[in-house]
Structure formats: structure tokens, C-alpha cells
Amino acid sequence: MPEAAASPISTHRLRFAGLAAACVAALVVVVGLVSRVSADQGMRTWTREQSIPTIGLAKVEGGGERQLVLPGDVQAFYTAPIHARVSGYLKRWYADIGAPVKAGQVLADIDTPDLDQQVLQARADLATAQANQSLAGTTSRRWEGLVAQDAVSRQEAEEKSGDLAAKTSLVNAARANLNRLLALESFKKITAPFDGVVTTRTTDIGQLITTGSPNDAALFTVADQRKLRIYVRVPQNYSALIQKGQTADLTVPEYAGQTFKAVVANSAQAVGAQSGAELVELQLDNADGRIKSGDYAQVTFRLSSPQTTTRVAVTAIQYRHSGPVVAIVGTDSHVKIRPVTISRDLGSSVEIGAGLAAGDRVVDNPPESLADGDLVRVAGASAQKAGA
């Protein structure tokens, strides 16, 4: 009896244990399947995320004030190469290079023996012509008296009167010739045309001086450097931003770290066909004479950039068959390839005249495979740096 009673209980336990084992096995299988599916989905998500390129953004600047630095040609306000007007030999010079001179001051004397003889001959010719005129005048007056007495004909009297007029013309011609030679003789003294400084002297005592040849060299050069002219060639893109009366900073190598103020005085109002630039003249007061004529100078203009002009690093530019382009990241993190117009190459950066705004997010160093509509991930540090 005890064995018969225990048998049904053991069978029930065995069934329960089997059922429990089956449930555990089913649970293990389900958990395994779920884990595998989840792992596959995670792998696909990770693969998809890894396929999205991570890009950096380039800093975009636009508007505001900017600097335009250009080379300048410094010239004296007045510069006069002084040539000889008469031939001869240099007798003496009185001013060397660097000497300050006043207007009308004698710089040199020229010995002109040929011209002196021509003056003497002209004086003799004038005296002869005046003597002939006097004789013709006396003869004419006498014949007029004889005409009144009917001693000579009117024709003969008029001939004597005509001879007087011819002799008078010869006197005038001789006097004009003498005055011309005297005017030339006044050029024996080389004088300064205005107050200034002698910057060159290319002659010396005893040198033969000839005039009238194309290669006639200047004996002296006098420059008034109390005021200077600075000529700058401004590229066409910036010519509209340079206005008369605008100030600019000027620097020269001999005064490192110092700047001088120059003012825009004139512009050519035309763009050179070869240079593609407009010639602009600036003026600078130089009463102390610190800056010299012929100096090499750098002129810095402070310009207000148009709102349409932006600046971006040159590494953000791609050059394709259609021209330069940039990659713009939209708010949906998709890329838009946009063509741009480069107005000026600044070396490490370029100025964009059209196609880019200051608020655009531009991809820096875009890969060649980047295409329009691609999804990208913006690196956090680059996004903060670019102000995104």
C-alpha cells in the first residue's frame, strides 16, 4: 500500500519538472533569438552611423571693416629736371645734391663763346639797319619836298617812301634777332625754378654741354618735398570703395612701426587696360622732410566691405568642372553644393563676391566624394568654433 500511494505523486513531479525544463528551454531560445535580432539591428545602426562622414566647419566672415594693403610710389609734389638751353662749357656749379635752394637761385654758369659772338654780330646788324633806316628817312623827306615843288615825280617819291618802310622792317628784324640772342644768353645761368632740394647733379666743371639732341641729359633735378604725392594702383574690385578725402596709413621701411596719414586727392576715373586697376593719387604733408621722394611705401586703406562680400578659408573651396564651389550644411544636416564667385585671393583665405552668406555653415576640407544631398555629421568642436 505505501508503494502504490507514492507512485502517482512521483509521476506528477516528473511531469512538472519536464514542463518546467521545457519552459526554461523555450525561454532560452526566445532570449537568444531576441538578442540576436537586437544585435543585428544594433550592428546595422552602427554600420549606418559609421557610413555618415564627420566633417568640420570653416569660419565664415562677412561685412565690417577690412584692410587693403597696396604698394605706393612716393613722388615729390613738384619735380623739375633742369636742362641747358644753350650750348657751351660748364663754367661753375654752386649747388650739390641735398642742397636746399630757393626759387631763382643760380645753380651753375655756362661759358658760351659762340653765343657771345652772335650777340655782338646781332648788335652790329642792328646798328647797320638803323643807319640805313636813318638815311632812307632823310631821303624820303627830301623827295617829299621836291614833289611839292614839282621837281620830281610822285612815283619817285613813293619809291623813296617804300625804301624807308623796308629799312624800318629790317631794323625791327635785327632788333628781334638781338632780343632772341639776349634771351638765350640769359640761360647761361642755370637757376632753380622753385624752392626745393637738389636731388641730382649730372654735370661738372669743364663738361661740354650740347642742346637739341634727344639724349640731352638734365644737369640738375630740383624737387619740392615739403608735400608728397603717393600713387597707388587700386584693383577694379575695390575702386568704388576709394573716395576723395579718404585717409590711409602709409609706412616706409626706414621708419619701422611708424605710420603716416595720407589723404586721397585724385583718381584717374579709368581702369588701365593692362593692369586692370585704377590709378589713385594721395597727398601727404612732409614739412619735416622725413619721407623722401622715390621711397617704396605700403598704403593701407580701411574699407567697409559690402554685405554681399564674405571671406572663407581657402581649404573650403573645391574646384570642379563648373568652377569653384563650397559645401553648405543645412539645418537637416544634408549637404548642398553651391557655386561661388571668388573676388580676391588672399593666400590663406579668399573673398567670395557671390554665392555665400556670413551665416552659412561651410564644410572645411570637403572630401572629393561629397555630393549634393549627402547626410553628414558636424564635429562638435568645429561647430562651436564656426558659431553653428
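Which residue's side chain does R338 meet in a salt bridge? The legends below take up that question and then visit other close-up views. This is a predicted model, in which local features need pLDDT of at least 70, side-chain atom pairs count only at pLDDT 80 or more, and totals for chains, interfaces and linings use all residues. Residues are numbered from 1 along each chain as its sequence is written, and side-chain values use heavy atoms, with hydrogens and water left out.

**View 1. R338 and D360 meet in a salt bridge.** The partner of R338 is D360, with 2.8 Å from N to O. A salt bridge here is a side-chain nitrogen of Lys or Arg within 4 Å of a carboxyl oxygen of Asp or Glu. R338 lies in strand β18 (residues 335-339) and D360 in the loop between β20 (349-354) and β21 (362-364), so the pair ties together parts that are 22 residues apart in sequence. Helices (H or I, at least four residues) and strands (E, at least two) are DSSP runs, numbered from the N terminus. R338 is partly exposed, at 27% relative accessible area, whereas D360 is buried, at 19%. For these words, buried means under 20% relative accessible area, exposed means over 50%, and partly exposed is in between (1.4 Å probe, protein chains only).

**View 2. R201 and D96 form a salt bridge between distant parts of the chain.** Their N and O atoms are 2.9 Å apart. R201 sits in strand β8 (residues 196-201), while D96 belongs to the loop between β4 (88-93) and β5 (100-101), and 105 residues separate the two. R201 is partly exposed, with a relative accessible area of 24%, and D96 counts as partly exposed too, at 31%.

View 3. D224 is buried, with 8% relative accessibility. The salt bridge count comes to 13. Side chains of opposite charge can pair when their charged atoms come close.

**View 4. Four strands make an open antiparallel sheet in the order β2-β15-β20-β19.** Two strands pair if DSSP finds at least two bridges between them. At the edges are β2 (60-62) and β19 (341-345), each pairing on one side only. Neighbouring strands of this sheet are turned by 35° against each other on average, direction ignored. For such angles, axes are lines fitted to C-alpha atoms, for helices over the stretch in contact, and angles run from 0 to 180 degrees between N-to-C directions. Look for the antiparallel pairing of β19 with β20, which has four bridges. There, D345 stands opposite V350 in β20.

**View 5. A second open antiparallel sheet has the order β7-β6-β4-β9.** Its edge strands are β7 (189-191) and β9 (208-209), each of which pairs on one side only. Inside the sheet, four bridges join β4 to strand β6 (residues 106-111), and these two run antiparallel. L90 stands opposite I110 in β6. In a regular strand the side chains alternate between the two faces of the sheet.

**View 6. Strand β10 (residues 220-235) pairs with β8 and with strand β13 (residues 277-285).** The antiparallel pairing of β8 and β10 has four bridges, and V198 stands opposite V222 in β10. Between β10 and β13 the pairing is also antiparallel, over nine bridges. Here Y231 stands opposite E281 in β13.

**View 7. The largest pocket holds about 160 Å³ of space.** On a 1 Å grid over the protein atoms alone, a pocket is an open set of points where a 1.4 Å probe fits, with protein on both sides within 12 Å along at least five of seven lines, and lining residues have an atom within 4 Å of a point. Grid points are joined across faces, edges and corners, and the volume is the space filled by probe spheres set on the points. The lining residues include V86, Y89, D114, Q118 and L208. α2 (113-148) and β4 each supply at least two lining residues, and α2 gives the most, with four. By class, the lining has six nonpolar, four polar and one charged residues. Ala, Val, Leu, Ile, Met, Phe, Trp, Tyr, Cys and Pro count as nonpolar, Asp, Glu, Lys and Arg as charged, and the others, Gly among them, as polar.
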